[in-house]
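User: I would like a close look at one part of this model, the open space in it. Please keep the wording plain.

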Amino acid sequence: MTRSPLPSRTALVTGAASGIGWETARLLAAQGCTVLVHARDAVSARDAVDRLVAAGADADRLEPVAADFTRLAEVEELARVTAAVHPVLDLLVNNAAVAAPERHTLTGDGLEISFQVNFLAAYLLTRRLAGPLTARPGSRVVNVSSSMHRTASIAWNDVNRARRYSRLAAYAQSQLALTVFTRAAVPADSNCTAVSVHPGICDTALLPLYAHEGDPAADGAAHVVRLCDPATDIRPGTYYDRTAPSPAAPVATDDRTVRRLCKLADRLVARAA
Ligand SMILES: NC(=O)c1ccc[n+]([C@@H]2O[C@H](COP(=O)([O-])OP(=O)(O)OC[C@H]3O[C@@H](n4cnc5c(N)ncnc54)[C@H](OP(=O)(O)O)[C@@H]3O)[C@@H](O)[C@H]2O)c1
């Protein structure tokens, strides 16, 4: 068997119970990474690890971790425990996402569910893990976003979209926010690089948002893992469409928008605390 190009790296993959996240965890483990396999609760995380081991992954390289992203307090706790156990983190793959429901839905933190799960939880996790992520040169944050971010706008005065709700607009807004945040996800002068990626249209639970047919989740994961590979040159803040750098929505490259979003996210996180 050919051995990993990524020896002894530690990766946290969110939303790794299924789909692209599970395949990403599988591929990273096969490359020799220690993988923190995140799911919404401990039972799902254990189950994901068991399925990875059944698929050939080395059990010693897998750690189940849990947090329900509809609860920001659980995201805080995940970051706290991760930083305590892993003061060096080489990779963070912000992959977890939920389709915005048909009906407008708020989390217990009072935020529209897709905005919180798909963006704000990733924002909080990345911010809280800044220490471990900048502890060793060459670390990376890969935000799994979507081409749908291009159809979106951020409703600055009604980010919960309480006044005029559409599930596609809410989901697209969450993807745009994640893409915008990528440019400020890690300090510019750090050794850590953050990028975002559209993984392609894949046959997962989220497929109905996009199309009737999609590629296998493993294909999407391969694009994500390629960006995790130190052998792949990546440009800070860049948006990739599968393998190629691609123009993000114009607002995603606007410094004022990046600052405004981070300020909003800080306020929402503080309010929920
Ligand atoms: N599939 C596509 O065609 C496509 C296209 C463009 C972008 N993407 C992006 O790809 C990424 C992966 O999605 P996927 O297609 O692989 O769909 P998926 O299989 O549904 O994966 C999403 C993961 O996020 C987890 N998640 C959802 N709500 C959560 C919560 N409250 N707390 C913690 N975890 C939660 C899910 O866990 P549960 O199973 O417990 O809900 C699931 O494991 C997403 O960021 C998505 O936006 C997908």
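How do the residues of the lining of the largest pocket divide into nonpolar, polar and charged?

Analyst: This is a predicted model, in which local features need pLDDT of at least 70 and side-chain atom pairs count only at pLDDT 80 or more, while totals for chains, interfaces and linings use all residues. Residues are numbered from 1 along each chain as its sequence is written, and side-chain values use heavy atoms, without hydrogens and water.

The lining of the largest pocket has 21 nonpolar, 14 polar and two charged residues. Here Ala, Val, Leu, Ile, Met, Phe, Trp, Tyr, Cys and Pro count as nonpolar, Asp, Glu, Lys and Arg as charged, and the others, Gly among them, as polar. The pocket itself holds about 730 Å³ of space. Its lining has 37 residues, and those closest to its centre are Asn-95, Ala-96, Ala-97, Val-98 and Leu-206. Two or more lining residues come from each of H1, strand S2 (34-39), H4 and H6. H1 gives the most, with three residues. (A pocket is an open set of points on a 1 Å grid over the protein atoms alone, with protein on both sides within 12 Å along at least five of seven lines; a cavity is a set where a 1.4 Å probe fits but cannot get out; lining residues have an atom within 4 Å of a point.) Helices (H or I, at least four residues) and strands (E, at least two) are DSSP runs numbered from the N terminus.

The space taken by the ligand is this largest pocket. (A molecule sits in a pocket if more than half of its atoms lie within 2 Å of its grid points.) Helix H1 (19-30) and helix H6 (167-182) each give two or more residues to the shell around the ligand. That shell has 30 residues, and Ile-20, Asn-95, Tyr-171, Cys-202 and Thr-204 are the closest. (A residue belongs to it if one of its heavy atoms lies within 4 Å of the ligand.) By class, 16 shell residues are nonpolar, 12 are polar and two are charged.

An N or O atom in the side chain of Tyr-171 is 2.7 Å from a ligand oxygen. Polar backbone atoms take part as well: one of Ala-97 at 3.2 Å and one of Gly-15 at 3.3 Å. Taken alone the ligand exposes 880 Å², and the protein buries 91% of that. (These areas come from the Shrake-Rupley method with a 1.4 Å probe.)

Elsewhere, the whole structure has one cavity of 30 Å³ or more, and about 60 Å³ of space lies in the largest cavity. (A volume is the space filled by probe spheres set on grid points, which are joined across faces, edges and corners.) Asn-95, Ala-96 and Ala-97 are among the residues that line the cavity, as are Phe-69 and Gln-175. Its lining has seven nonpolar, five polar and no charged residues. Helix H4 (113-128) gives the most to this lining, with three residues.

The second largest pocket has a volume of about 160 Å³. Its lining includes Arg-183, Pro-187, Cys-192 and Gly-237, and by class has eight nonpolar, two polar and one charged residues.

How values were computed:
Polar contact = N/O pair within 3.5 Å; in protein donor to acceptor, adjacent residues only side chain to side chain.
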